[in-house]
Amino acid sequence: MAATQANPRAGRIEVARQAEARKIARRSFLRVSVFAGLTLGLGSWIVGFLGFFNRRKPVGFGGVVTVIKASIPPAGADPARISEGKFWLSNLLGAQGDVFQVGGTGGLLALYWKCPHLGCTVPWNPNFDGGAVNFPGIIGWFRCPCHGSTYSRAGVRVYGPAPRPMDTMLLSVNSDGSLSVNTGKITLGGPDNPLRAVSYNG
Ligand code: FES
């Protein structure tokens, strides 16, 4: 201040210098803001773009689930729970599970584990005695814990309030003995469930 009073010209120069400095700072701020906005916008677009393709090719439930050969149960063994795809993999030995004798000859079935009644997850009960549901001599059934619907190892409903057999998923055998199960391709369960089994020779 003393210098400004002492030399008015120096004071004006100092004021002009400060004004210029403020202008430069404002321009820099605007430049940074625009750059940050563009970066954010581009980032969101990339995330959306990748998300779109991800939805087109889902993994896990809703997409194609691969079951390696070692995870396929032997014919006649208890069904295997494939959690990734929310299904049971049943390997029927001959007419096993074909409780109403529609002509099943065995093979692999991917049974959606969602109960067709009210959607509870249906577990496999290896010890349940079919005598309790008028099928004596057959041990091992799918049995819904919610209202008791009971299904053979081919998913055929024999007891309870479920309106139909368990639903099935599209299953194909790969050249290396593994399976591809399309969990997005679900067919409503029907009396023909045993006929939908896909033959498998390992
Ligand atoms: S939800 Fe399975 S029997 Fe009701």
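Q: How many helices and strands does the protein have?

A: Helices (H or I, at least four residues) and strands (E, at least two) are DSSP runs, numbered from the N terminus. Here you get 2 helices and 10 strands, in the order α-α-β-β-β-β-β-β-β-β-β-β from the N terminus on. Keep in mind that this is a predicted model: local features need pLDDT of at least 70, side-chain atom pairs count only at pLDDT 80 or more, and totals for chains, interfaces and linings use all residues. Residues are numbered from 1 along each chain as its sequence is written.

Q: What share of the residues counts as buried?

A: Count C-beta atoms, placed from the backbone: a residue is buried with 20 or more others within 10 Å of its own, exposed with 12 or fewer, and partly exposed in between. Of the 202 residues in this protein, 28% are buried.

Q: Which residues of the largest nonpolar core touch the most other members?

A: In soluble globular proteins, nonpolar side chains tend to be buried together. A nonpolar core is a set of buried Ala, Val, Leu, Ile, Met, Phe, Trp, Tyr and Cys residues joined through C-beta atoms within 7 Å. The largest one here has 30 residues, and F87, L89, A110, L111 and V181 touch the most other members. At least two core residues come from each of β1 (64-67), β3 (87-92), β4 (107-112), β6 (139-143), β9 (168-173) and β10 (179-187). β4 gives the largest share, 5 residues.

Q: What is L111 in contact with, beyond its neighbours within four places in sequence?

A: Contact means that two C-beta atoms, placed from the backbone, lie within 7 Å. For L111, the list is F87, W88, S90, G155, M166 and T168.

Q: Which residues make up the covered face of β1?

A: In a regular strand the side chains alternate between the two faces of the sheet. In β1, V65 and V67 form the covered face, while V64 and T66 form the uncovered one.

Q: How do β1 and β9 each pair with β10?

A: Two strands pair if DSSP finds at least two bridges between them. β1 joins β10 through 4 bridges, running antiparallel, and β9 pairs with β10 over 6 bridges, also antiparallel. V181 in β10 is the bridge partner of V65 and of L171. β9 and β10 form a hairpin with 5 residues between them, and G177 in the turn has a positive phi of about 90 degrees.

Q: What is the strand order in the open sheet?

A: Its 4 strands run β5-β6-β7-β8, with antiparallel pairing. β5 (124-129) and β8 (157-159) are at the edges with a single partner strand each, so one side of each has no neighbour in the sheet.
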